[in-house]
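Colleague: I am new to this structure. Could you walk me through how to read it, one feature at a time?

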Amino acid sequence: MAKRYDIVIVGAGPAGLAAAEAALAQGARVAWLDAQSAAGGQVWRKDIRYGWPRQAARVITEVVNHPHATWMPQTQVIAAEQNALLLQNEREGWRITYGSLILATGARELLLPFPGWTLPGITGAGGLQALVKQGWPLDGRRVVIAGSGPLLLAAAVTAKRHGAHVLGIYEQASDAAVHGFARKLWRWPGKALQAAVLRSQLAGIPYHCGSIVTRALGEHALERIEIDGPHGTQRIECDQLAIGYGLVPNVELAQMLGCAMKQEGAHPCVDVDTSQRTSVTNIYAAGELCGIGGRDCAWLEGRIAGLVAAGADIDASLLRQQRHARTFAAALREHFKLDPYIHDLAQPDTLICRCEDVPLQALKDYDDARSAKLATRCGMGACQGRICGTALAELGLFPRSGQRPPLFPARLASLGELASSSETEGSFS
Amino acid sequence: MTQVRINIDGHALDVPAGISVAAAIAQSQRPFRRSVSGHMRAPFCGMGICFECRVQIDGIAQQRSCMVSVRDGMQVVTDG
Amino acid sequence: MKSYDLIIVGAGIIGTACADYASQQGLRVAIVEPGPIGGGATAAAMGHLVAMDDDPAELALANYSLGLWEDFTQVAQIEYNRCGTLWVASSDAEYAHIPEKIARLAAVGVQAELIDGEQLYRLEPALQRGLAGGMHVAREAVVYPPGMARHLLDRARARGALLYSQRVTAITQQGVQLDDQTSLAGSVLVATGCALPELLPQLPMRARKGHLVITDRYPGLIHHQLLELGYADSAHGDADSSVAFNVQPRPTGQILIGSSREYGSETSQVSMPMIQRMLERTFRYLPALRQLDALRIWTGFRPVSADGLPYLGRVPEHTNVWVAAGHEGLGITTSLGSARLVIDQWLGRAAAIDARPYDPARAVACV
């Protein structure tokens, strides 16, 4: 029999945490789950050496230990049915049902193709942070951080803290755009403080604007990169390149549940009302999957969703704060808008689909994801098109096709043994 | 920090408990996997999205090494 | 108005096979397909080339077609892999029927071999212990059906066939009308599978939904297309829903898992209860599959005619309208033979096998 919870929260980053805290305070029985082994999401990912960030540690500990909370780490949603989710962890698959569902599935990095981007030694910017916090060795390694957005600063701080020799941060946005953004930061005092702290921790690491990594080179692994910047092209020898172009909402579960989407740039995000309700009854969404808004915004939206799902009232000041946080996201988008040059970095032989090794030139005859997939295998691999589909959408070629179960690659045992079924298992003879 | 002993491609390795299998492989300086056309690949997204870090863990192939923590006695096989 | 000898509606494997053969015979061909090439039942299919011995007409068409497939074994995009078929007997009763099957297949020239339990495990060590034995058909193969459809279309186009990416809205006196108001003149051959009733409502057609699951790459785990001998009961029975053990090794090392049959479900949505039934069936035979990761699940619809045999020939009451549709689960196997049967009739030639069992008139008569 599937276990039932008042409220199920998918994702344990700031939005999921805030939702859980708020709903628990209202007396709800809450189950919350995350694919990672510790709560915190990406932005508050637990560091094997340094633990959680201080402000997150308190609430995480509180929620994990709350008597009405069921915490399911390393758990992925693999399929959805009417008011039920099919889950799996490392050992088993099972089903839970819910009164209300809060989606807090966050975002992933926007990872874009350029020549050499498949070489070992190249990761996302947040990707490197995630790896390092779980023990990836960086001691004495020469690391370049590149791409776009404030995440690059955080990645550099983490890398440095773990002993990396960070050669520089290369931001694609122009000097003018970045400084324009910095001048606006006073409107969000929390952000200004955060930026100041990051800057102080970055002492000694050069920050270059208007700089784009155009190529990575190396025989079996990364050896050097080429960067186009205001002063021409330069080559840098390095061991590790952490490169991310911002974030993309993780909407696959919401899509599978039938929640209405809207477009933010080239990528879909979940359409919600001011109470974080999606178009589907009893399903809420909060944080990055409703459009990239940052940590503070995610926290506020999670809190709103948790309160509304638990049947509580929300006061106007909370809504006001949430709207203000969203304006920060808009400023971020405006100032860190991608240089169209980045869309043209991939060459005909650059692999777009990393799972199936499909180069850009193989896709030129197709104008929809399905035809391209049937003919070239692009998007047929294990990432289910999350990397190539997102990149192709960003490059303006064609959007990723819809999501079907399993939501992530799932063990056949988990898919096959979830329900009571008419056929019973037995051996032959 | 407590250590656990794992085995990567036949080599025993003592690593801190709680680190990811991906981190352990990187510490061992072993390669990760070959792509379908034979190129070397290694962790890319770091958060379970890209599936570039897949290795065989305790006899089961295609496991994301960035999503699994090391366990004492774990047997890891890469494409190296 | 553009004029052709033959306007083929639908670019699934049947339509493209017809276009290929017709253009080879010198006909001026148009092919009309608004969607992806081989994007319907063709894309959803497993791509197992198999002779089923349950019905003589079906066996004759399959055997004829399997011979024609031999010309395509070297084409890369078709991914032809002669892995052979291993029919698995789960009980002594099933095992006891194998010699009859072997005899029926041998009568048309298909070589099959009886194997005992021990030989079965030597061929497929991952199979569950306790199985009675099986039947090995060594020359059968698996292919990638959408790759074949594209290859056939490319060949036809190289001979001058024209592809129209519109939808046919109506069959007219002269030919067809397209949704952009253009008209094409010529004989019409409808090869639209489950969508047949839109243009030819007089020919009964039901859609029989199926589910497939594909895994990540696990090369070397299984080697043959594996089916349970009870498969035919599922395939030819008329139950509202049924599942059968049917597992295929893809050249990539992926494992493709079938199969389900279901009437009455109109949406392409994946049914998790059906997946569970299918997988439980699979685990009885291949317990090692439990720990493997599934990457994708999809569904498709098999076009089922009034009696399960395809409609291949001229449509009664029409002088110039032809049909090739309704192959249920054997459309990939029998595509090449079906194309020849229809086009040879169109040309007024004798077909290589008896065409009467497939005559569309049989279905119109009983409506």
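Colleague: Which domains does the domain assignment give for chain A?

Modeller: Keep in mind that this is a predicted model. In chain A, the assignment gives domain 1 (3-108 + 248-314), domain 2 (111-245) and domain 3 (346-394). Domain 1 is written as two segments, 3-108 and 248-314.

Colleague: How many residues of domain 2 of chain A are in contact with domain 3 of chain A?

Modeller: Start with the centres. Those of domain 2 and domain 3 of chain A are 26 Å apart, taken over C-alpha atoms. Now the contact: six residues of domain 2 of chain A meet nine residues of domain 3 of chain A. On the domain 2 side, five residues are nonpolar, one is polar and none is charged.

Colleague: What does the UniProt record say about chain A?

Modeller: An unreviewed entry annotates residues 5-290 of chain A as "domain: FAD/NAD(P)-binding". That span is 25% helix and 33% strand, and its end C-alpha atoms lie 24 Å apart.

Colleague: Take one strand pair in chain A. In which sense do β2 and β3 of chain A pair?

Modeller: They pair in the parallel sense, over four bridges. Strand β2 of chain A holds residues 30-33, and β3 of chain A holds residues 69-72. To place the pair, find A:Val30, which stands opposite A:Ala69 in β3(A). Between the two strands, the chain passes through helix α2 (residues 54-65) of chain A. This β-α-β crossover is right-handed.

Colleague: Now the interface. How many residues of chain A are in contact with chain B?

Modeller: In general, the size of an interface is often given as the accessible area lost when the parts come together. Here we count residues in contact: 31 of chain A and 31 of chain B. On the chain A side, β7 (107-109), β8 (122-123), α3 (125-133) and α11 (386-394) each supply at least two residues. The largest share, four residues, comes from α3(A). By class, the chain A side has 15 nonpolar, 10 polar and six charged residues.

Colleague: In what order do the strands of the open sheet in chain B come?

Modeller: The order is β2-β1-β7-β5-β6 (chain B), five strands with mixed pairing. At the edges stand β2 (11-16) and β6 (60-64) of chain B. Each has a single partner strand, so one side of each is left without a neighbour in the sheet. From one strand to the next, the twist averages 40°.

Colleague: How many bridges join β1 of chain B to β2(B)?

Modeller: Six, and the two strands run antiparallel. Strand β1 of chain B covers residues 3-8. For a worked pair, take B:Arg5: its bridge partner in β2(B) is B:Asp14. As a general idea, side chains in a regular strand alternate between the two faces of the sheet.

Colleague: Which strands does helix α1 of chain B lie across?

Modeller: Helix α1 (residues 21-28) of chain B lies across β1, β2, β5 (54-57) and β7 (75-77) of chain B. The helix runs at about 120° to β2(B).

Colleague: That leaves chain C. Which domains are assigned there?

Modeller: Domain 1 (2-45 + 145-204 + 307-366) and domain 2 (85-138 + 206-304) of chain C. Their centres, over C-alpha atoms, are 30 Å apart. Each domain gives 12 residues to the contact. The domain 1 side has six nonpolar, five polar and one charged residues. In an unreviewed UniProt entry, residues 5-344 of chain C carry the annotation "domain: FAD dependent oxidoreductase". The end C-alpha atoms of that span lie 14 Å apart, and the span is 31% helix and 30% strand.

How values were computed: Residues numbered from 1 in each chain as written. Chains lettered and ligands numbered in written order. Predicted model: local features only at pLDDT ≥ 70, side-chain atom pairs only at ≥ 80, totals over all residues. UniProt positions renumbered as here; feature names shortened; annotations may be inferred. Domains from an automatic or database assignment. Contact = placed C-beta atoms within 7 Å. Nonpolar A, V, L, I, M, F, W, Y, C, P; charged D, E, K, R; others polar. Pairing = 2+ DSSP bridges. Right-handed = clockwise from strand over helix to strand, strands pointing away. Axes fitted to C-alpha atoms, helices over the stretch in contact; angles between N-to-C directions.
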